[in-house]
Amino acid sequence: MYKQEVSDLLKRITVNPDVMVGKPTIRGLRITVEQILKALAGGVTVDEVLEDYPELEKEDIQAVLLYAAELAAEERVYAVNAG
């Protein structure tokens, strides 16, 4: 995936403290990244998600997955020495 494509997809994920208490949402809609990830993790297919949320587009689902992947990529684990 090219940098521009990644950037364009991630622009679909928005954070606004006045919408869904600041949780990341899709294009400012009242649909959170978390909702979609939990649905997909629960076995709901992409087609079913798009059917359940007709305002979403396939690219929105791609953006949600990319957003989650970016967060996972940033995660670091550090060893802590217990005194």
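Q: How many residues does the largest nonpolar core have, and which of them have the most contacts inside it?

A: Happy to walk through it. This is a predicted model, in which local features need pLDDT of at least 70 and side-chain atom pairs count only at pLDDT 80 or more, while totals for chains, interfaces and linings use all residues. Residues are numbered from 1 along each chain as its sequence is written, and side-chain values use heavy atoms, with hydrogens and water left out.

The largest nonpolar core has 13 residues, and I13, I26, I36, V49, L56 and V64 have the most contacts inside it. A nonpolar core here is a set of buried Ala, Val, Leu, Ile, Met, Phe, Trp, Tyr and Cys residues joined through side-chain atoms within 4.5 Å. Helices α2 and α4 each supply at least two residues of this core, and the largest share, 4 residues, comes from α4. In soluble globular proteins, nonpolar side chains tend to be buried together.

Leaving out residues up to four places away in sequence, V64 touches I13, I26, V33, I36 and L37. Contact means heavy atoms within 4.5 Å.

Now turn to helix α2, which spans residues 33–41 and has V33, I36 and A39 as its buried residues. These residues cover an arc of only 135 degrees around the axis, so they sit on the same side of α2. The arc is taken from the directions that run from the helix axis to the C-beta atoms. Helices (H or I, at least four residues) and strands (E, at least two) are DSSP runs, numbered from the N terminus. Buried means under 20% relative accessible area, exposed over 50%, and partly exposed in between (1.4 Å probe, protein chains only).

What lies over the buried residues of α2? The cover includes β1 (13–14), β2 (25–26), α3 (46–52) and α4 (58–74). On the face of α2 turned away from its buried side are the exposed residues K38 and A41. Just past the end of α2, G43 has a positive phi of about 100 degrees.

A salt bridge, meaning a side-chain nitrogen of Lys or Arg within 4 Å of a carboxyl oxygen of Asp or Glu, joins E34 and K38 at 3.0 Å, N to O. Both residues lie in α2, 4 residues apart, about one turn of the helix. K38 is exposed, with a relative accessible area of 56%, whereas E34 is partly exposed at 32%. E34 also meets K23 in a salt bridge of 2.6 Å, N to O. This pair links distant parts of the chain, since K23 is in the loop between β1 and β2 and E34 in α2, 11 residues apart.

The structure holds 5 salt bridges. One of them joins E57 and R12, with the closest N and O atoms 3.1 Å apart. This pair, too, links distant parts of the chain: E57 is in the loop between α3 and α4, R12 in the loop between α1 and β1, 45 residues apart. R12 counts as buried because its relative accessibility is 18%, and E57 is partly exposed at 36%. R12, R27, E57 and D60 are linked in a network of salt bridges.
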